[in-house]
Amino acid sequence: MKKLIENIGAYTISAFTKIGKIAILTYQSFISIYKAPKYIQQIVEQFIYIGRRSLVLVIVISIFVGLAIGVEVGFQMTEFTPHWTAGGLILRTILIDIGPLTLGLVLSGRVSAGVASELGTMKVTEQIDALRSFAIDPVEYLVTPRLIAAMFAVPTLLIFSNFISIYFGYYSCRMTINLTWNAFVKGLRFSYNFKDIIISLIKAFTFGVAIVVSGAFYGLNSQRGAKGVGKATTQAVVLASIMVFILSYLVSLIMFYI
């Protein structure tokens, strides 16, 4: 029993220590944003990496997300339910929850893993120590440009993703319940709420921050060797995925009830 309590205490201390270190890294990254003009080239490169190079993957996943939601919404329609309501259901489902969550999880696997592996490799090959020896702050030089790029790239990707998913949601309903375009647009107009768009973009913004910070934290604290870099990459993806769900809940709670 004593050993169990000691283990619980050790894990608790370790968890809160990591939370504190992640909070410090996030703070250091944000306070360096005012130096962004010095790193325009790195920001553009990271925007291309996070945004343009993720676009094909996002488009493919968005298509099938829209098709799946359309099938499920169409299945819920009965002879007593006006078919035009399907448009509103598809719109709000994608904007508020499914769209941001799907994009966040996809980018957690791609971007967070990439950041962790890249910074982890730099850590084990002592490139980060070399930056410090030249009085260059690794957080300012490596993390902040990625953070700024993600804060713009992820919402931009979400806009594309939402449009694609909503359209293919309509297409799926058209194939299953013969939903007309005019009926679909009627449902969109009836359920449209500008607040839903704001919530969706806020989620994308916070997801971008969480994804980059998770990858950077484990990359900068990677252990020696290929095994250490691989472990850091796995941990970064796990943490980023968990943070996506937590932030989705918190943003929805704050925007809807507070």
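1. Leu250 is partly exposed, with a relative accessible area of 36%, where partly exposed means a value between the limits for buried (under 20%) and exposed (over 50%), taken with a 1.4 Å probe and protein chains only. This residue has its place in helix α9, which covers residues 225-257; helices here are DSSP runs of H or I with at least four residues, numbered from the N terminus.

2. A word on the basis of these values is in order. The model is predicted, so local features need pLDDT of at least 70 and side-chain atom pairs count only at pLDDT 80 or more, while totals for chains, interfaces and linings use all residues. Residues are numbered from 1 along each chain as its sequence is written, and side-chain values use heavy atoms, with hydrogens and water left out.

3. Leu250 also belongs to a nonpolar patch on the surface, which it forms with Val238, Ile242, Ile246, Tyr249 and Ile254, and which has about 540 Å² of accessible area together. Such a patch is made of residues with over 30% relative accessible area and no salt bridge, the nonpolar side chains (Val, Leu, Ile, Met, Phe, Trp, Tyr) being joined within 5 Å, and the areas come from the Shrake-Rupley method with a 1.4 Å probe.

4. Leu253 is likewise found in helix α9, and at 29% relative accessibility Leu253 counts as partly exposed.

5. The structure holds six salt bridges, each being a side-chain nitrogen of Lys or Arg within 4 Å of a carboxyl oxygen of Asp or Glu. In one of them Glu140 pairs with Lys35, the closest N and O atoms being 3.0 Å apart. This pair links distant parts of the chain, for Glu140 is in helix α6 and Lys35 in the loop between α1 (2-31) and α2 (40-50), 105 residues apart. Glu140 is buried at 8% relative accessible area, whereas Lys35, at 25%, counts as partly exposed.

6. Lys203 and Asp97 meet through their side chains in another salt bridge (3.4 Å, N to O), which links helix α8 (residues 194-220) with helix α4 across 106 residues. Is Lys203 buried or exposed? Lys203 counts as buried because its relative accessibility is 0%, while Asp97, at 35%, counts as partly exposed.

7. The side chains of Glu118 and Arg146 also form a salt bridge, at 2.8 Å from N to O, and this pair joins helix α4 to helix α6, with the residues 28 apart. Glu118 counts as partly exposed at 38% relative accessibility, but Arg146 is buried at 5%.

Definitions and conventions:
Patch = residues over 30% accessible without salt bridge, like charges linked within 9 Å, V, L, I, M, F, W, Y side chains within 5 Å. Helix = DSSP H or I, 4+ residues; strand = E, 2+ residues; numbered from the N terminus.
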